[in-house]
Amino acid sequence: MSEPKPPTPTPGDTYKGWLFKWTNYIKGYQRRWFVLSNGLLSYYRTQAEMGHTCRGTINLATANIAVEDSCNFVISNGGAQTYHLKASSEVERQRWITALELAKAKAVRMQAESDDSGDDCPAVPPTSGQGGGCRNLEIQSTLRTLGSKVEDLNTCNDLIVKHGSALQRSLSELEGIRVGADMGEKMRQVTERATLFRITSNAMINACRDFLSLAQNHGKRWQKALQVERDQRIRLEETLEQLAKQHNHLERAFRGATVLPSSFSNPTLGSKGGVPGKGDASDEDDDNEFFDAMEDPAEFITVPADPKYHRRSGSNNSGISSETGIDDQSFDELSLASNPESPQPLELEPVRQRRTRIPDKPNYYLNLWSIMKNCIGKELSKIPMPVNFNEPLSMLQRLSEDLEYYELLDKAAKCQSSLEQMCYVAAFTISSYSTTVHRTGKPFNPLLGETFELDRLRDCGYRSLCEQVSHHPPAAAHHAVSEKGWTLRQEITLASKFRGKYLSIMPLGSIQCLFDKSNNHYSWKKVTTTVHNIIVGKLWIDQSGEIDVVNHKTGDRCHLKFAPYSYFSRDVPRKVTGVVTDKDGKAHYVLSGTWDEKMEFSRVMQSSKGENGTEGKQRTVYQTLKAKEIWRKNPLPEGAENMYFFSSLALTLNDPEEGVAPTDSRRRPDQRLMEDGRWDEANAEKQRLEEKQRTVRREREREAVKASSPEEAVTEDSINDSPLKSTHPDNYQAMWFEKLDDPVSGETLHVYKGGYWEAKDQGSWDVCPDIF
């Protein structure tokens, strides 16, 4: 598996990368992520641990660095800590040695400068609380001394004012007195008061001199301490930035459970026979023993392909194309570049300036438990929920958000290989979950007959239409068509249960994607969404389950696995893996990544059966070419945390538009009031709309019962007792969709029957009911 080339170390840089650390004779060398920063060498089991768990740290200022052979070297600080490390190559070892020597020299120089300055505490950030406590005591003592000097200055100032005033009065009296007997007495008073004034002034001068001397003596030390604090703040800011970007710098090895060569992962006992008890492996053994038994084992393993596949034709191995030998360019780039029928993308001008902000979310308090405690075990769609738990979008608009990464389907439409096309369709399937990672708000349940159009024909080359086709159970139909030659249609019914601590949402129904040029017909279903910490704690969302994307024309299949979050797992959170196979079950591509960040795919050159996993299952080992990124999540807009964590597309979905149907979600009043921050009015409007919908439904049921039994009087009891209610709740017919059996997939779903866009062009909405 190919990894990025580490940068050449330079003085002052943070250097990090993978090394093999000796643990014990049973487990040998284990792969660890090392970070060299500020004179400290720390290591972690994975890059993801950098934010919370450091496995060990050694201070290079007092450490010895020794080279054993071409790849091995040892770092020791005098016996307390010793790291026996191995690099993947001699060049890599030399990079680390250079970086370590530079960092050690800098750490020694900083410590010497600290000693020369006379500080009792080192300038290097202390590894424990003693250095910080020493510095705090020194500062507090200095501040107390300065405070005492300031009080002396205030006292002297008061005395100078007092004696100066008395001296001034005596001088005034002396001017008006006659020469005589009183002259001597007055002169004596003036002399006494002048003496007091001189003494007080001298005390003031001495106090000022002491204060100035003290401030000058500590000024240099304070300046140095301030500079150290500034450096620490800069390092903290850099660390926070690294943590924020750590998902973008994860190695591909942690996308697909890399298998190490036997020489690294299990060295023989004889190779270390002369060095008993190497390393400090207490943190390694405890974690490995407990975690391995509790995490879900990977179904397959990927390893780098043999170099022979990079030099000669691999047509007999891949079964896709004879064009191999290029691992620096993804296979889809070759096929798209060689396709003469694939036009270059046109620069499309947006038809209108779309908004980039919505009003910030108000901070209203609401006791969730007072509402949810009586709803345990009930269907979520039947629970009356205030808008405080919503986001100002309907479920129809959330369905339309699946098209945020429509470019994946545009690329898939250009593919000549159906297996390659499958990779893009699978990536599109995964991308639809990327917008849910921070979206803990519940979308509005659409009213029966509610619609939502997303017309991006001139912007992006596609347009879509959603309609709520059923209310109990709630079901929405979606149809999108693109000028690039693909059609997406889906019908989703949500089954949800509140379990007390978490909420499970199980999407039922099918999603289908059709390509005009190849006539490939794909179908798949959605995984389960779980909202955790419903009652106590911060809400967070997880996706888990498995998806089979099937090409009904060719028999190709992509099996995707969404790994559920586990506290004991060593894998990266929100991990997704997948394998693309042909109709015979032969693997051609491997996908790996996370559903909230990015996905990569790599071409399989050879597969074999590997060793048994932790549960006795035999795992398949795939030899693959270099992985290529196929999809990456778009960054959220600025201030998204105050706007319900909406993406750039989501911010535009509820933007009012002219000419849309009167049933469009943009015209829904309670949703509009919530977006404007008027939540009390939104709650009242929501109750009005729901009651209006119930009234219309009862009227439809009454008409249905009357049609089935025209000679009987229709009452409320007759409607409730009618067998028609239990089998066919009402006779509602969707406006723009009709229910059909798909002959290709064998599934029954609502399919767009046409007429909406023609009605929009004519401005004729007579068929639309008044639902708002």
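**Cores, a helix and confidence**

Tutor: In this predicted model, the largest nonpolar core has 66 residues, and those with the most contacts inside it are Trp486, Leu488, Phe515, Trp524, Val549 and Phe562. The largest share of this core, nine residues, comes from H11. Residues are numbered from 1 along each chain as its sequence is written. Local features need pLDDT of at least 70 and side-chain atom pairs 80 or more, while totals for chains, interfaces and linings use all residues, and side-chain values use heavy atoms, without hydrogens and water.

Student: What makes a set of residues a nonpolar core?
Tutor: Its members are buried Ala, Val, Leu, Ile, Met, Phe, Trp, Tyr and Cys residues joined through side-chain atoms within 4.5 Å.

Student: Which residues is Phe562 in contact with?
Tutor: Contact means heavy atoms within 4.5 Å. Leaving aside neighbours within four places in sequence, the partners of Phe562 include Ile430, Val527, Lys575 and Trp595.

Student: Why is H11 called largely enclosed?
Tutor: Buried means under 20% relative accessible area (exposed is over 50%, partly exposed in between; 1.4 Å probe, protein chains only). In H11, 13 of the 14 residues are buried, so the rest of the structure largely encloses the helix.

Student: How confident is the predictor in the chain, on average?
Tutor: pLDDT, the predictor's confidence in each residue, runs from 0 to 100. The chain averages 77, and 73% of the residues score at least 70. Over residues 118–131 pLDDT stays under 50.

Notes. Helices (H or I, at least four residues) and strands (E, at least two) are DSSP runs, numbered from the N terminus.
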